Amino acid sequence: MDQSCIPDNPYILLTPGPLSTSKTVKAAMLRDWCTWDADYNADVADLRARLAALASRQPGFTATLMQGSGTFCVESCLGSLIPDGGSLLVLANGAYGARMAKIARVLRIPVVEEDFGEVSPVDPARVAALLAAQPQLTHVAVVHCETTTGMLNPIREIGEAVKAAGKIFLIDAMSSFGGIPIDMAEVGADALISSANKCIQGVPGFGFVLTRRDVVEGCAGQARSLSLDLYDQWQAMEHGGGKWRFTSPTHVVRAFAQAMDELEAEGGVAARFARYSQNQQTLVAGMAALDFSALLPRAIQSPIITAFHSPTHPDYAFKPFYDRLKAQGFVIYPGKVTTADTFRIGNIGEVYPDDIERLLTAVKDARYWLV
Ligand SMILES: *Cc1c(COP(=O)(O)O)cnc(C)c1O
């Protein structure tokens with residue numbers, strides 16, 4: 001497709017999404033599609049099959065696309081999968097875990113929120129003990145990569161504890177799916193949630209919930225919302241040949257299909273994981289040389305986003321630092337940790353180790369408090 005009309009971005013986004021996308025992904029949006037037309041619906045059906053194939057090497061998984069940002073998909077999943085009489089355990093160590101507990105409260109789903117603290121991973125042994133002590137719990141939810149800090153939670157070991165107790169396991173893999181290899185069958189996941197504008201490198205506008213087919217099939221009539229009814233949405237897509245119930249984000253879906261092609265062309269999730277890891281390692285080593293230390297130790301740090309301690313110099317403030325980096329072509333992210341003063345730099349999107357090297361030069365120049 002002709003990309004000459006797509007202008008260069010004035011800066012790259014080193015953020016956890018929306019993130020920098022390729023010109024070819026943006027160019028895929030330069031055509032209008034009919035939400036009910038067979039051409040478009042066939043593309044949706046194909047996308048769903050490709051997502052289900054990414055979910056696991058084993059059969060039995062199905063994908064449901066849902067309008068809105070990632071949070072809409074989390075709300076759709078919790079509100080549709082947990083029946084009346086069910087009760088949810090949320091394993092939290094950051095803002096996104098806390099958000100799942102909040103969704104449950106808003107939906108009047110009984111919830112136990114277990115907080116592991118923002119700088120420690122979820123402890124599977126504590127999960128097993130909690131499930132043994134509170135047999136009323138039916139579902140367990142955890143965030144894979146807690147974007148608040150960049151922490152990676154041990155979903156395989158958590159899944160073992162959840163499955164040993166016979167509970168349904170839900171994973172918010174919003175910021176990791178497509179960028180870190182995950183096999184839902186291997187980690188015992190019944191549902192996994194992600195969105196278009198994270199590691200698949202599409203643009204924002206919809207997300208998706210991957211589920212075991214029997215799990216979504218058993219959810220008819222359970223939803224606490226019409227528009228976020230995951231079962232109804234799945235049913236329409238599955239039996240309507242890729243139809244959405246309501247107006248679908250057609251341009252965004254086309255861009256996502258292009259992004260999926262580009263993921264495959266890069267060599268799949270393993271290759272993308274290697275690139276993100278290289279970005280992240282280049283970043284941490286270069287930042288350390290400039291006296292910036294990472295919040296988390298390497299063993300629990302994801303390749304997705306890194307939180308750095310803010311400089312303790314009295315003249316430092318985030319905003320002027322941010323502005324100086326932006327003027328040099330890089331947009332970074334403020335911190336979100338409550339217990340430490342941090343800022344964050346993302347490694348995902350159409351971003352390569354060369355970009356990180358250029359960023360490090362920019363960071364060096366942006367340290368206005370040292371002059
Ligand atoms: C991005 C993200 C979400 C969803 O956020 P939205 O702003 O609704 O797209 C949820 N969980 C995690 C871990 C995320 O990184």
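Predicted model: local features only at pLDDT ≥ 70, side-chain atom pairs only at ≥ 80, totals over all residues.
Reader: Where does the chain split into domain 1 and domain 2, and how far apart are their C-alpha centres?

Author: Domain 1 covers 31–264, and domain 2 covers 268–370. Taking the C-alpha centres of the two, the separation comes to 28 Å.

Reader: How much area is buried between domain 1 and domain 2?

Author: Interface size is often expressed as the accessible area lost when the parts come together. Here carbon and sulfur atoms give 62% of that buried area. On the domain 1 side, E118, T149 and Q201 lose the most, together 25% of what that side buries. For domain 1 and domain 2, the buried area is about 2000 Å².

Reader: Which polar links turn up across the interface, and how many salt bridges are there?

Author: The rule finds 13 residue pairs in polar contact between domain 1 and domain 2. By class, the domain 1 side that touches domain 2 has 13 nonpolar, 9 polar and 4 charged residues. As for salt bridges between the two domains, the count is 0.

Reader: What about G150, is that residue buried or exposed?

Author: G150 sits in the loop between strand 6 (145–146) and strand 7. Beyond its neighbours within four places in sequence, G150 is in contact with C145, L296, I300, Q301, S302 and I305. The cut-off for buried is under 20% relative accessible area. G150 has 0% relative accessibility, so this residue counts as buried.

Reader: How far is the C-alpha atom of G150 from that of P303?

Author: Along the chain, G150 and P303 are 153 residues apart.

Methods: Residues numbered from 1 in each chain as written. Heavy atoms only, no water. Domains from an automatic or database assignment. Buried area = accessible area lost by both parts, 1.4 Å probe. Salt bridge = Lys/Arg side-chain N within 4 Å of Asp/Glu carboxyl O. Polar contact = N/O pair within 3.5 Å; in protein donor to acceptor, adjacent residues only side chain to side chain. Nonpolar A, V, L, I, M, F, W, Y, C, P; charged D, E, K, R; others polar. Helix = DSSP H or I, 4+ residues; strand = E, 2+ residues; numbered from the N terminus. Buried < 20%, exposed > 50% of the residue type's maximum accessible area, 1.4 Å probe, protein only. Contact = heavy atoms within 4.5 Å.
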